[in-house]
Amino acid sequence: MVKKRIVAVPLAAILGTAAIAALVGPLNGYAETPDGGALKAVSDFDAIADTSARSKAIFEEASRVLTHPRCINCHPATRSPTQGEDKHPHVPLMNASQGPLGPPGLACSTCHGAENRPIVGSRLKSIPGNAHWSLAPASMAWQGLTVGEICRQVQDTSRNGNRSHADLVRHMGEDHLVGWAWHPGAGRSTPPGSQEALAALIAAWTNTGAECPD
């Protein structure tokens, strides 16, 4: 008789595998998707003579990144992230009410590592990952807000982590997790432009008075 060898599998690995299997279920948003194209350059707004109007127009352009699924999925209206191009509820259901890294026993790092992981033979294509992977704080929930509301929230130091305008430019231009949006792994679209182009727009927005659209 051949004895079967029993191999102990860590709980996290089991949960991660189950999560991957569940994620393959909803197929919307997991086909190969195009990038978001280009962002307008700051110079494209020079023709707007009124400084206030120019500032608002610049933020409108930057908002094409901020409201893209790669960003908005991690700035949900609740403490549960969304996913995919259609922003459907995260599978498995996650709740970060006790912290931005997920609930005890099923932290984000159960499935999300420091880098994107390709999945061979799956329509999911890949599992996103980044060393800074976490949900945005509740004070920075963007889903369901207008561009003007997001604008006012972004520069409100009581909600944005006490960031000054200069801090916002650095955050948008240098933060690793922000930059991940343009390198999200196979099967996901990218926002328009680049992280550098976004930072240039945010800098121009602050330099013109950081005016917000209505």
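Mentor: Helices (H or I, at least four residues) and strands (E, at least two) are DSSP runs here, numbered from the N terminus. This is a predicted model, in which local features need pLDDT of at least 70 and side-chain atom pairs count only at pLDDT 80 or more, while totals for chains, interfaces and linings use all residues. Residues are numbered from 1 along each chain as its sequence is written, and side-chain values use heavy atoms, with hydrogens and water left out.

Trainee: Okay, where is Ser80?
Mentor: Ser80 sits in the loop between α3 (69-72) and β1 (82-83).

Trainee: And is Ser80 buried or exposed?
Mentor: Ser80 is buried, because its relative accessible area is 17%, and buried means under 20%, exposed over 50% and partly exposed in between, with a 1.4 Å probe and protein chains only.

Trainee: Which residues does Ser80 touch?
Mentor: Leaving aside residues up to four places away in sequence, Ser80 touches Leu93, Met94 and Asn95, where contact means heavy atoms within 4.5 Å. A polar atom of the Ser80 side chain lies 2.7 Å from the backbone oxygen of Met94.

Trainee: Switching topic, how many helices and strands are there?
Mentor: The chain has seven helices and four strands, and from the N terminus on they run α-α-α-β-β-β-β-α-α-α-α.

Trainee: How much of the chain is buried?
Mentor: Buried residues make up 41% of its 214 residues.

Trainee: Which residues of α5 meet α7?
Mentor: Among them are Leu168, Val169 and Met172 in α5, and the α7 residues in this meeting include Leu198, Ile202 and Trp205.

Terms used:
A polar contact is a pair of N or O atoms within 3.5 Å; within protein, one must be able to donate a hydrogen and the other to accept it, and residues adjacent in sequence count only if both atoms are side-chain atoms.
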